[in-house]
Amino acid sequence: MKIVSICNQKGGVGKTTTAINLPAYLSQKGFKVLLVDMDPQANATSGLGIEKSNLSKNIYSVLLEQASLEESILKTKIDNLYIVPSTLQLAGATIELISSMGREHKLKKAIDSLTQAFDFIFIDCPPSLGILTINALVASNSALIPMQCEYYAMEGLSQLLNTVELVKKNLNPNLTVEGVLLTMADYRTRLTTEIIEETKKVLGEKVYNVIIPRAIRLSEAPGYGEPIMRYDKNSQGAAAYSRLSEEFISHNSNNNNKLQQNEQSQTQEENKILESTIKVEETGG
Ligand code: ATP
Ligand code: MG
């Protein structure tokens, strides 16, 4: 079982779109996947067609230990894809958790007590580096970072990578960077090409080969409560997320042994990335 946080403290970069569509394609390929919605906006919940108002068991009750993760799992309309829904109440959890014991480990504890096995668990994080994202990172094996192809894309990235590093040092030594996903690429502008090149130069192999284009169908699908593979499976956005799922699988195919072997070299790689990103930000590049 591999647990992946989808995070970036920047808002609107494609976290939730990725959290819906990557797992949907993995499910279609036969993997059993759980999506945990850790965002009070509950966009992943509604984007999968789940009515959020009438749910008594959700991620909020799990974090406050009023319900188990297991009993909060809902089936989605996609085979093999399950979700722990969110609710607006989760916004209050930030304050409620502050005074509670082991507040950074609530989600990890809940996942550890799962009796069902999943191939993958994905966590859709809110746009902040607060206690909810920390809980996600503490519970995860890796962080997948969507980054919008825009002028200030790299701004804030070193802060995010620093947070990942801090969590790794203090709370979860196994945490790695799964990959950086460039999203909303608009190839009509030269800027996009420049940003893609620059990002690859700085972040190297961590950047996925698959780049998600800006595609109107991707932004329409959540309004119908559907992942893109059901809303318009022949669209450009569908093709991109389908290819991403293949790239994701290929990075994870040799499973746990390979993951452990890679851990040390990953750490070195991540340190290099961190250093170069900080340099870029300092020089305003
Ligand atoms: P937040 O930080 O608020 O949680 P987010 O990082 O989860 O945002 P999304 O909700 O996935 O970002 O995307 C922001 C908006 O952009 C949404 O309206 C979404 O439908 C749209 N969007 C996401 N990806 C694409 C894309 N590739 N092409 C066009 N629109 C997109
Ligand atoms: Mg979101």
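Modeller: Start with A42, in the loop between β2 (33–37) and α2 (43–47). Helices (H or I, at least four residues) and strands (E, at least two) are DSSP runs, numbered from the N terminus. This is a predicted model: local features need pLDDT of at least 70, side-chain atom pairs count only at pLDDT 80 or more, and totals for chains, interfaces and linings use all residues. Residues are numbered from 1 along each chain as written, while chains are lettered from A and ligands numbered from 1 in the order written.

Biologist: Why is A42 called buried?

Modeller: A residue is buried if 20 or more other C-beta atoms lie within 10 Å of its own, exposed if 12 or fewer, and partly exposed in between; C-beta atoms are placed from the backbone. A42 has 25 C-beta neighbours inside 10 Å, so A42 counts as buried.

Biologist: How do you know what confidence the chain has?

Modeller: By pLDDT, the predictor's confidence in each residue, from 0 to 100. The chain averages 90, and 88% of the residues score at least 70. Two residues are in contact if their C-beta atoms, placed from the backbone, lie within 7 Å.

Biologist: What makes a nonpolar core?

Modeller: A set of buried Ala, Val, Leu, Ile, Met, Phe, Trp, Tyr and Cys residues, joined through C-beta atoms within 7 Å. The largest one here has 77 residues; L35, F122 and A136 have the most contacts inside it. Leaving out residues up to four places away in sequence, A136 touches S5, C7, M38, L107, I123 and C125.

Biologist: Which residues come nearest to ligand 1?

Modeller: K15, T16, T17, P127 and S219, of the 20 residues around ligand 1. A residue is near a molecule if its C-beta atom, placed from the backbone, lies within 6 Å of it. Two elements give two or more residues to that shell: α1 (15–28) and α10 (216–220). The largest share, 3 residues, comes from α1.
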